[in-house]
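Please consult the sequence and the structure shown here while reading.

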Amino acid sequence: MLNFDLNIEQKEINEMAMKFARQEMIPKSAEFDQKAEMPLEILEKAWSLGLVNTCIPTEFGGTGFTTIDSMIITEALAYGCLGMNTAIMANDLALLPIVIGGSEEQKKKFLTPFTESYKIAAFCLTEPGNGSDAAGIKTTIKDGGDHWIVNGQKMWITNAGYADLFTLYGTIDPELKHKGISALVIEKGTAGIEIGAPEKKMGHCCSDTRSVTFKNVLVPKENMLGSPGDGWKIAMKTLDHSRPMVAASAVGGAQCSLDYATEYSKERIQFNKPIAGHQAIQFMLADMATKVEASRLLVFKSAWLIDQGLSNTKLASMAKAFASDSFMQVATDAVQIYGGYGYSKEYPVEKLMRDAKLIQIYEGTSQIQRLVIAKEVLK
Ligand code: CAA
């Protein structure tokens, strides 16, 4: 009944994505982190290999990857660089609402161009005053006759400075709470969109994060996903799909931290033997490896449920919380094993520790995931 093996195609996908991570991402990861610059050439190359926008169905030009396949790709790309992978994942996060809630016409119009050339998308839910409490967002969507009129500000928007397309959430009536939330697709260049300066972040420095302000932005009526009030369910279902992906990125980062720590522990000599010969280090490596393995299993189960057409809300949050908390611990232990060298920017593990922190925060904090899990358990 159970089979933990990847099939031949999945092994090939993994090999291709890992080769890309090792050859194209790892050698440039520290440089782009320090420059805090989006590596557009590398991202475009990933797109040309079919590693970006894995959520787009084949009918609209997509690659036809299963959700499990896209987890394999995400883990590999995050192994290469968490920041670059965030830029890649943010496209899926922004396109998934169209895949989930868009009409055939909207899918054709908005998804297909992403399969024809490298384009960038941004998911606009969070606001300066509303992060975890997503149902309380204040951005308004008013009926202006021919158009929707959007006013409000979004915060921490990944890819914002480069986005060709924004999926925006706003409310048609704040009194309605989550039942008033509606989703719009807004194209780059629409009058009234103001993009903020890049945020200076602790990690994921080569991904682009900014505020986006919408001032009397007129959006064509046909750009609403579903009907007014459908936005909340679309957003929640999107997060059910994207959280396993974020968890997969945590597995990639944790595996990378473990691999660096393992190699280093075999080379570093203290008390006349490699530190890997000391039980204190062995116990740390054992716990790190167990956390990576357990996280990966949760990722695969939460993705498998989607591929079976089953609800994965609980498993998606379990995978996100467990894998991101594990990554934070594994990366911290990798720094500990490297000792003073681990704290230096000359070595790769301090970046992994900085990058791990964000995975516990974005797309729902570890605490929000526990709220979701508890609600599901208590149902
Ligand atoms: N699928 C379908 N429906 C769902 C659902 C799901 N996964 N989750 C909740 N719902 C439904 C509930 O059944 C309920 O339905 P009814 O109206 O029929 O009662 C309704 O939605 C409201 O649900 P809750 O009462 O649970 O809502 P809540 O206000 O208490 O909040 C929450 C729920 C889970 C905490 C939600 O606010 C949440 O997920 N917050 C975190 C937001 C988040 O993850 N933001 C990340 C932004 S993206 C990002 O980080 C981007 C980036 O660029 C990197």
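## Position of the ligand

Which domains give residues to the shell around the ligand, and where does the ligand lie? In this predicted model, residues of the shell come from both domain 2 (121–229) and domain 3 (232–377), so the ligand lies between them.

## The shell around the ligand

The ligand is surrounded by 24 residues, and T158, H178, W232, R243 and K375 are the closest. By class, eleven residues of the shell are nonpolar, seven are polar and six are charged.

Among the side chains, H178 has an N or O atom 2.6 Å from an oxygen atom of the ligand. For R243, an N or O atom of the side chain is 2.8 Å from an oxygen atom of the ligand. The side chain of T313 places an N or O atom 3.4 Å from a nitrogen atom of the ligand. The ligand taken alone exposes 1,100 Å², of which the protein buries 72%. Two or more residues of the shell come from each of β3 (147–158), α7 (231–267) and α11 (366–378). The most are given by α7, with six residues.

## The second largest pocket

The volume of the second largest pocket is about 680 Å³. Its lining consists of 19 residues, of which N3, F4, I68, F300 and W304 are the closest to its centre. The elements α1 (8–35) and α8 (279–307) each give two or more residues to this lining, and α8 gives the most, with seven.

Eight residues of the lining are nonpolar, five are polar and six are charged. Domain 1 (8–116) and domain 3 (232–377) each supply at least three residues to the lining of this pocket.

Note on methods
Residues numbered from 1 in each chain as written. Predicted model: local features only at pLDDT ≥ 70, side-chain atom pairs only at ≥ 80, totals over all residues. Heavy atoms only, no water. Near = heavy atom within 4 Å. Polar contact = N/O pair within 3.5 Å; in protein donor to acceptor, adjacent residues only side chain to side chain. Areas by Shrake-Rupley, 256 points an atom, 1.4 Å probe, with all protein chains shown as cover. Helix = DSSP H or I, 4+ residues; strand = E, 2+ residues; numbered from the N terminus. Nonpolar A, V, L, I, M, F, W, Y, C, P; charged D, E, K, R; others polar. Domains from an automatic or database assignment. 1 Å grid on protein atoms, 1.4 Å probe; cavity = no way out; pocket = protein on both sides within 12 Å on 5 of 7 lines; lining within 4 Å. Points joined across faces, edges and corners; volume = space filled by probe spheres on them.
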